[in-house]
Amino acid sequence: MSVLDDIVAGVREDLAARRTALPEADLSAAAAAQPAPLDPMPAFAAPGLSVIAEVKRRSPSKGALADIPDPAALAAAYAAGGADAISVLTEERRFGGSLHDLRTVRAAVPTPLLRKDFVVEGYQLLEARAAGADLVLLIVAALDDPLLHDLHQQAAELGLTALTEVHDEAEVERALAVGARLVGVNARNLKTLQVHPETFARLARLLPAEVVAVAESGIAGPDDAAAYAEQGARVVLVGEALVKDGDPRAAVAAMRAAGGSR
């Protein structure tokens with residue numbers, strides 16, 4: 001079993017427990033009661049490099065990254081530094097996140113929020129919307145084509161912007177086939193957890209001009225952000241480097257500045 005398979009198996013177990021605790025009809029009502037979701041795409045498509053700054057406590061590849069006793073304060077620092085969106089890890093077993101973190105951050109900042117998790121059922125999209133998310137991650141490697149199509153469509157119906165994540169050429173084709181307009185190229189192999197920075201340049205050239213390319217993984221600082229921008233990234237998604245930095249506000253601002261103008 002690969003690392004991805006193991007993570008998804010745990011996600012399904014935890015999801016089953018949450019579904020038992022909160023019927024889908026009640027969750028749907030909570031999602032419908034939320035204000036209209038924010039659209040991050042105008043900012044992502046504007047001149048300059050956008051940053052999606054991540055609230056991330058730990059990861060399977062690096063273990064514990066940061067304690068983050070106050071996700072709201074960290075998110076506020078990201079927003080002050082100019083983050084165009086904030087990603088909140090909600091997977092509990094491997095990443096130490098929660099939907100509570102997402103709700104806490106939503107109450108603290110007016111910035112578009114990404115629910116970062118391993119989405120395998122529509123119930124999780126409703127959870128994302130009910131907790132105040134504006135974007136949701138869809139990992140192509142974790143989904144077959146019918147499910148990818150259905151989840152992408154359901155996200156759109158809920159007003160959620162889907163960040164569709166790919167790792168190879170075949171996954172790019174699958175993402176484009178469902179109409180993805182925000183595509184994240186993850187340089188980390190989710191089966192081995194190794195990072196291959198050259199992956200972004202190889203796959204980004206396959207994306208049409210109207211698709212916004214997001215570079216994920218392997219971004220340790222402004223120099224990496226600038227390199228990805230040169231290769232066609234309009235957005236970088238950064239977690240580890242920001243949560244470990246003593247000044248996350250300045251770190252976000254530095255990465256934005258490093259991207260220059262497009």
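This is a predicted model: local features need pLDDT of at least 70, side-chain atom pairs count only at pLDDT 80 or more; totals for chains, interfaces and linings use all residues.
Let's start with Arg188. This arginine is buried, yet it has no salt bridge. Which side chain of opposite charge is nearest? That is Glu240, 5.1 Å away.

Where does Arg188 sit? It is in the loop between strand E8, residues 182-186, and helix H9, residues 198-204. What does its side chain reach? The backbone oxygen of Leu193, at 2.8 Å. Now the neighbours. Leaving out residues up to four places away in sequence, Arg188 touches Ser61, His167, Leu193, Gln194, Val195 and Ser217.

Next, the largest pocket. Its volume is about 510 Å³. It is lined by 33 residues, and Arg188 is among the closest to its centre, along with Glu54, Lys56, Lys116 and Ser217. So much for the middle. Which elements supply at least two residues each to the lining? H1, E6, strand E10 (235-238) and helix H11 (240-243). H1 gives the largest share, three residues.

Last stop, helix H6, residues 122-130. How many of its nine residues are buried? Nine. They include Tyr123, Glu127 and Arg129. What covers them? Among the elements are helix H1 (3-21), helix H2 (24-32) and helix H5 (99-108). Strands E5 (113-116) and E6 (135-139) also take part, as does helix H7 (145-157). After H6 comes Gly132, with a positive phi near 100 degrees.

One link to take away.

Note on methods. Residues are numbered from 1 along each chain as its sequence is written. Side-chain values use heavy atoms; hydrogens and water are left out. Helices (H or I, at least four residues) and strands (E, at least two) are DSSP runs, numbered from the N terminus. Buried means under 20% relative accessible area, exposed over 50%, partly exposed in between (1.4 Å probe, protein chains only). Lys and Arg count as positive and Asp and Glu as negative; His and the chain ends are not counted. A salt bridge is a side-chain nitrogen of Lys or Arg within 4 Å of a carboxyl oxygen of Asp or Glu. A polar contact is a pair of N or O atoms within 3.5 Å; within protein, one must be able to donate a hydrogen and the other to accept it, and residues adjacent in sequence count only if both atoms are side-chain atoms. Contact means heavy atoms within 4.5 Å. On a 1 Å grid over the protein atoms alone, a cavity is a set of points where a 1.4 Å probe fits but cannot get out, and a pocket is an open set with protein on both sides within 12 Å along at least five of seven lines; lining residues have an atom within 4 Å of a point. Grid points are joined across faces, edges and corners, and a volume is the space filled by probe spheres set on the points.
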